[in-house]
Structures are given as C-alpha cells and as structure tokens.
Amino acid sequence: MANISISDVRKSYGKDEVVHGVNLEIANGEFIVILGPSGCGKSTLLRMIAGLESISAGQIAIAGTVVNDLEPRERGCAMVFQNYALYPHMTVAENIGYALKVSGMAKAERLEKVRVVAASVGLSEFLDRRPGQLSGGQRQRVAMARAIIREPRVFLFDEPLSNLDAKLRVQMRHEIRRIHNRIKATSVFVTHDQQEGMTLADRLVVMNKGNIEQVGTPEEIYHSPASVYVGGFIGSPAMNFLSGQIVAGGVMLANGGKIPLPQALAVAHNGSLAQIGLRPEELTLVPAGKGAFDATFEFSEELGPSRLYHFQFEDLTLSVLSADKPPVEQGKPMGIRVEAGSVHLFAADTGKRLRAREAVAQPELVV
Amino acid sequence: MKRAVFKNNWVAALMVAPQLLIIFVFFYWPTSQAMYWAFTLEQPWGGGNTWVGFDNFAAILFDDLYWYSVQVSVVYAIGATVLSVGMALILAVFVDRQLRGFKAYKIGMIWPYAIAAPAVGLAFRFIFNPGAGIMLYLNDAFPGAWDPNGNGTHAMIMVIVAGAWKQIAYNFIFFLAGLQSIPRSLLEAGAMDGARVLRRMRDIQLPLLAPTFFFVLVINITDSFTDSFGIVDTMTGGGPARATNLMVYKIFNDGFQGLDYSGAAAQSIILMFLVVALTVVQFRYIERKVHYT
C-alpha cells in the first residue's frame with residue numbers, strides 16, 4: 001500500500017511562500033492529476049513529494065512513513081521529467097537500467113529486465129541508440145521505461161507531455177493510462193493542460209496561487225466547479241461569465257435580461273450580487289427576443305461536428321456551441337436560451353460557488 | 001545561423017585590418033624571421049649572416065643539454081597540467097554544489113588568473129623561501145627537507161605549483177561553466193534513480209564534462225610549454241643545475257644571454273612545431289571520444 005498523505009504542506013523561498021498549506025489524501029493506486037497554470041505551485045508540490053525540494057512546513061507521508069527528511073532514493077518514487085532528463089552519454093539500455101545498476105543488481109539480471117521493460121513500451125529496436133538519436137515520442141518512452149523498471153510505489157509525472165506535438169500527446173496520454181492500469185502504482189501527474197487532466201485523472205486537484213481550489217473527479221469538477229476560477233479553467237471552449245443580481249426566480253442582468261435559476265437557489269441568495277457561469281455547450285440559440293437575453297452575432301468557428309458561435313453582449317464576449325445551423329447573421333441579434341439547471345452561480349465578491357443547501361445552514365436563517 | 005554581410009568590402013577590410021596587423025607584426029613576421037635565422041648563422045652583434053642549412057637543427061638535436069631541457073619541459077607540462085586541471089575540477093564541483101559561501105569563493109577563485117606570471121613567481125618565491133616563513137619551520141624540524149636552491153626536484157615542484165596555481169583560475173572558470181550547462185534535471189533524475197552525490201558526479205557530471213575537459217587539457221599543455229617563462233625567470237632562472245631549464249626558458253637563455261640567435265631561433269621553431277603537433281594529436285585522437293549527441 002502506498003497512499004500519500006499531505007498535511008498542511010508549505011513551501012517558501014526566503015520570505016516568499018509559494019505553497020500555502022496544502023492538504024491532500026491520495027489513495028493507493030489512485031491516478032491524481034494536479035492541474036493549474038504555471039506558477040501555481042503544482043510542480044513545487046510534486047517535487048516536494050519526490051524529495052527534490054525541501055518541505056518548509058507540514059508533512060508528507062508515503063505509505064504511512066513521514067518522508068520529510070528522507071532522500072529521494074529512500075522514498076520509492078519514480079519521476080518522469082518535463083524535458084525527459086535522459087542521460088545523453090548513455091544508450092537507451094543504460095538509461096533504462098541505470099537505477100538497477102546503482103542499486104547493484106547483477107549485470108545479466110539487469111539486462112534481462114531492461115529488455116522486458118523496453119519491449120513493453122516498444123523500444124526493443126532502440127536499445128543501443130543514444131537519446132540524441134531518438135524522436136520526441138521515443139525519448140518520452142525511454143523516460144517512462146526508466147521509471148517503470150524500478151517498480152516504484154509512487155509514479156510522479158512533471159508535465160511529461162508538454163514537449164510533444166498534439167497528436168503524439170494524445171497517443172502518449174493513452175499509453176500512460178494503459179501503463180497505469182497495468183502496474184497500478186499510485187500516480188501523481190502535474191499539468192497545465194485541462195484536457196490532459198480531465199482525461200487522465202481518477203481525481204483532479206485544481207491549484208491556484210499556491211492553494212488547492214477544488215479536489216474531485218473530473219465529472220464533479222466539470223459539473224459543479226467550486227469557484228469562478230475552476231469554472232473558467234476547466235472546460236473547452238471556456239465557460240462564459242456574466243454578472244447580475246439575484247431576484248425571485250432568476251438573476252437580473254444590467255440590461256434587463258433575466259436568467260432563470262432553480263427556485264431553491266434563487267430563494268436562498270435573493271438580493272445578492274452574483275457571477276453566472278454558462279458553459280457554451282449548455283446554451284441554445286433562439287430567434288431574437290425569445291431567449292433569456294439577446295446578443296449580437298460576431299463570427300463562428302468550425303469545429304467539425306459542431307460550431308462555436310461568438311457573440312457580443314454589452315461589453316462582454318460570449319460563445320455558444322451548437323451542432324445545428326442556426327440562422328445567424330453578422331451584426332444581428334440572436335436570442336440566447338438558458339436552462340435554469342445549467343447555470344453555475346458564484347458569489348460576486350468571493351468567487352465561490354453558491355449552493356442552495358449552504359444558505360439553509362446559515363445561522364440567521366435557522367433562527 | 002544568421003550572417004551579417006558587408007555590402008562594401010572596404011568597410012569590412014578596414015574593420016579586420018587592426019587585428020590582421022597585430023597578428024602579422026607579432027606572429028607571422030617574427031615567425032618568418034625566426035625561420036630565416038634558424039637556417040643561417042647570425043653574428044652575435046648583428047651585421048651579416050651566412051646560410052648554413054640544417055646545421056643549427058643538427059647542433060641542437062645532438063646536444064644532450066637540449067634533450068635534458070625537453071625532458072624537464074615534459075615533466076613540467078604533465079605536472080602543472082595534472083595539478084591545475086585536477087584542483088580546478090575539484091573546486092568547480094564544490095562551487096557547483098552551491099555549498100555555503102560559494103559566491104564569494106567563486107570570485108576569489110577567478111582572481112589569480114588576472115595576476116601576471118612574474119608576479120606569481122615572485123609571490124611563490126617568498127612562500128617557498130627555504131630560509132623564511134613557513135618553510136623555515138619545516139627546515140628547522142627536518143634540516144634539508146626543503147631546498148629549492150640546491151635540489152632540482154624541489155625546484156621543479158616549486159615551479160609546477162606556481163604555474164599550476166596561476167592556471168587553476170582559468171580551468172576553474174571553464175569547468176564551472178561546463179558544470180552549470182549540465183541540466184539540473186539530469187542530476188535530479190540521477191537522485192531519483194538512487195545515485196548519491198559522488199556517484200552522480202562520476203556517472204553524470206564527469207562524462208558530460210568531457211568536452212570541457214578536453215579543451216582545458218589542450219590549452220594547459222600548450223600553455224605549460226609556451227607560457228612558463230615568467231615563472232621560471234623569477235623563481236629559479238632555470239636552475240639549480242638546469243633542473244628547471246624549460247625549453248622556452250632555454251630559448252631566452254641561449255638567445256639573449258648566450259647571444260646564440262641562430263640556435264635559439266631553431267629551438268623556437270622546434271617548439272612551435274611541437275605545440276602544433278601536440279594540438280593536432282589531441283584533437284585527432286582524444287576529441288573523437290568525448291562527443292555525444
């Protein structure tokens with residue numbers, strides 16, 4: 001069992017704190033993706049698990065053992081680096097087998113293991129080449145093989161796919177998932193690519209500015225983002241945001257348009273200012289005047305199975321994803337229909353998601 | 001690669017002229033003069049010379065003192081190079097580890113290179129003075145333990161240490177730059193693979209430093225043959241009993257003190273070809289083994 005338990009972990013460089021007290025429990029065999037923009041502290045957190053960065057405060061335990069003061073080699077983790085970090089002066093076989101060589105395994109046994117692992121990632125023909133003679137995808141495989149061969153308890157990935165072209169990235173993503181299904185080591189994968197996160201993760205951890213914004217399955221995070229930040233970060237095309245005030249039965253926009261809300265939600269937060277998140281794929285285009293509000297059509301983007309229609313609404317831009325061909329005309333208004341159930345409601349000041357049941361729990365309403 | 005092209009060739013010629021002039025005046029002209037002298041017999045106070053063909057070279061090559069000078073030069077070259085390259089490598093590795101206070105240390109390490117060879121020689125003459133300072137204590141305890149004025153081996157050690165000390169700074173800069181160009185992630189990967197500090201140095205840093213190592217080696221050996229004059233001149237004057245009479249010092253000695261211009265010219269031609277040959281050999285046979293990618 002190699003669960004990872006991260007409690008109140010902080011990292012500071014001098015006076016700058018870059019990770020502010022992170023708590024996270026990772027179950028044995030789970031595939032966790034830490035998602036966030038560059039500089040959010042996700043790589044730092046990963047490197048603290050690996051032992052490549054010291055832990056300023058808090059503690060990290062792997063399989064019940066606190067590893068704060070252990071060297072990387074004592075933690076049983078293997079890591080795949082962003083630039084692969086292959087040893088340029090060693091052949092593929094030497095790269096893959098280096099950890100075993102360091103551990104003192106007999107040569108014959110080591111070469112046999114290298115052969116088996118290399119075959120499992122399709123590298124059998126390249127064992128005598130140097131990394132400089134390999135393509136990006138092959139280098140990626142060498143990096144994977146080098147991690148696999150150690151049979152680690154924990155697999156760490158630091159943006160391993162970001163140097164690959166789009167097609168190869170999808171292919172390697174599938175391969176990583178396949179390998180995970182096979183060896184079932186606890187995995188922590190860091191990326192800034194939300195699609196990678198959504199597709200790979202058992203559970204997603206969304207980070208922002210050194211804090212965890214939300215932890216949940218990709219589905220949970222997509223369907224009920226905990227904050228404006230998460231809503232905007234997850235999902236492609238990106239979520240639309242509008243602001244307004246909550247009234248009975250909906251949200252009143254500044255120009256008089258009204259977006260419907262579920263009854264319980266509207267009642268709970270009546271009168272407060274809110275931000276509304278609307279996913280482009282949950283909006284429908286209707287003739288002008290028939291929707292929640294009207295917006296001026298600007299242009300559309302062809303995506304193949306559907307199109308993304310861009311509108312100007314007051315000083316905001318707004319997009320709607322549609323598979324059928326609505327009669328839009330540049331510069332002309334269209335109605336936009338919003339289903340009450342698809343509205344994501346966030347507090348205007350904190351950016352946190354507003355929920356119906358939270359309001360019930362508020363003390364003044366209980367009394 | 002982007003290339004800047006001058007439309008007007010005259011401007012280009014004007015730009016390179018000073019450099020070409022310097023190379024011509026201080027290298028090609030003296031070299032050609034030395035070539036000419038090497039095949040003639042020059043009068044000590046000038047005024048007329050006669051063509052003697054290879055007589056000067058023959059005289060040198062049959063001279064035991066010349067071969068002795070070659071021998072001590074080789075000892076000096078190997079000793080100074082091994083000592084300075086080795087020390088520089090160790091120091092650079094530790095600065096690269098960023099141990100406490102490495103920044104001040106780094107600057108301190110670079111300074112010696114700015115000191116002229118005669119000044120280095122003088123400073124080390126004080127340090128190694130058998131009758132004063134630190135060496136006096138040694139000689140007090142063990143009489144005769146340190147005698148560079150009388151013992152040729154001691155004199156050679158002294159010259160090697162001074163020469164190496166001056167060269168360490170130069171090597172250090174290259175080694176440090178070489179070490180810092182090794183991606184940090186390679187060492188981190190090594191750490192994840194279970195290698196400790198020394199193992200990572202041996203398996204990752206040193207092999208990747210090989211090109212730098214080769215470059216530094218060529219420069220040091222060449223330098224120890226040609227640039228050791230200042231140190232020998234201030235420290236030993238080639239003595240005792242020619243124990244530190246390096247080839248470059250012998251040229252000066254025979255030419256300007258012995259007034260044998262022709263013999264000195266022939267020696268400097270030999271030295272020049274020796275350095276060229278050494279460099280070619282090093283590039284052909286050593287460089288081949290140190291490049292990856």
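A:Glu159 is found in the loop between strand E7 (154-158) and H5 of chain A, where helices (H or I, at least four residues) and strands (E, at least two) are DSSP runs numbered from the N terminus. This is a predicted model, in which local features need pLDDT of at least 70 and side-chain atom pairs count only at pLDDT 80 or more, while totals for chains, interfaces and linings use all residues. Residues are numbered from 1 along each chain as its sequence is written, chains are lettered from A and ligands numbered from 1 in the order in which they are written, and side-chain values use heavy atoms, leaving out hydrogens and water.

**Backbone details in chain A**

- Most residues other than glycine have a negative phi, and most peptide bonds are trans.
- A:Glu159 has a positive phi of about 45°, although it is not a glycine.
- The peptide bond from A:Ser236 to A:Pro237 is cis, with omega near 0°.
- A:Pro237 sits in the loop between helix H8 (228-233) and strand E11 (240-247) of chain A.

**Helix pair H4 and H5 in chain A**

- Helix H4 (residues 136-148) and helix H5 (residues 166-183) of chain A pack at an angle of about 15°, with their axes 11 Å apart; axes are lines fitted to C-alpha atoms, for helices over the stretch in contact, and angles run from 0 to 180 degrees between N-to-C directions.
- That angle makes H4(A) roughly parallel to H5(A) (under 35 degrees counts as roughly parallel, over 145 as roughly antiparallel, 65 to 115 as roughly perpendicular and the rest as oblique).
- H4(A) passes H5(A) in a right-handed crossing, meaning that the near helix is turned clockwise from the far one by less than a right angle.
- On the H4(A) side, the residues in contact (heavy atoms within 4.5 Å) include A:Met144 and A:Ile148, and their partners in H5(A) include A:Leu168 and A:Ile179.
- The residues of this contact divide into 6 nonpolar, 3 polar and 2 charged (Ala, Val, Leu, Ile, Met, Phe, Trp, Tyr, Cys and Pro count as nonpolar, Asp, Glu, Lys and Arg as charged, and the others, Gly among them, as polar).

**Helix pairs in chain B**

- Helix H3 (residues 64-96) and helix H10 (residues 210-226) of chain B pack at about 140°, with axes 9 Å apart, and are therefore oblique to each other.
- The crossing of H3(B) and H10(B) is right-handed.
- Among the residues making the contact are B:Tyr76 and B:Val85 of H3(B), and B:Phe213 and B:Phe225 of H10(B).
- By class, the contact of H3(B) with H10(B) has 9 nonpolar, 5 polar and no charged residues.
- The axes of helix H5 (residues 117-127) and helix H7 (residues 152-180) of chain B come within 10 Å and cross at roughly 130°, so H5(B) and H7(B) are oblique to each other.
- H5(B) also passes H7(B) in a right-handed crossing.
- B:Ala117, B:Val120 and B:Phe124 in H5(B) meet B:Val161, B:Ala162, B:Trp165 and B:Lys166 in H7(B).
- This contact of H5(B) with H7(B) has 6 nonpolar, no polar and 1 charged residues.

**Interface of chains A and B**

- Chain B gives 17 residues to the contact and chain A gives 23.
- The area buried between the chains is about 1,900 Å², of which carbon and sulfur atoms give 62% (buried area is the accessible area, with a 1.4 Å probe, that two parts lose on being put together, summed over both).
- B:Glu188, B:Met192 and B:Asp193 supply 36% of the area that chain B buries against chain A, more than any other three residues.
- Across the interface, the rule finds 1 salt bridge (a side-chain nitrogen of Lys or Arg within 4 Å of a carboxyl oxygen of Asp or Glu).
- The side chains of B:Glu188 and A:Arg47 meet in a salt bridge, at 2.6 Å from N to O.
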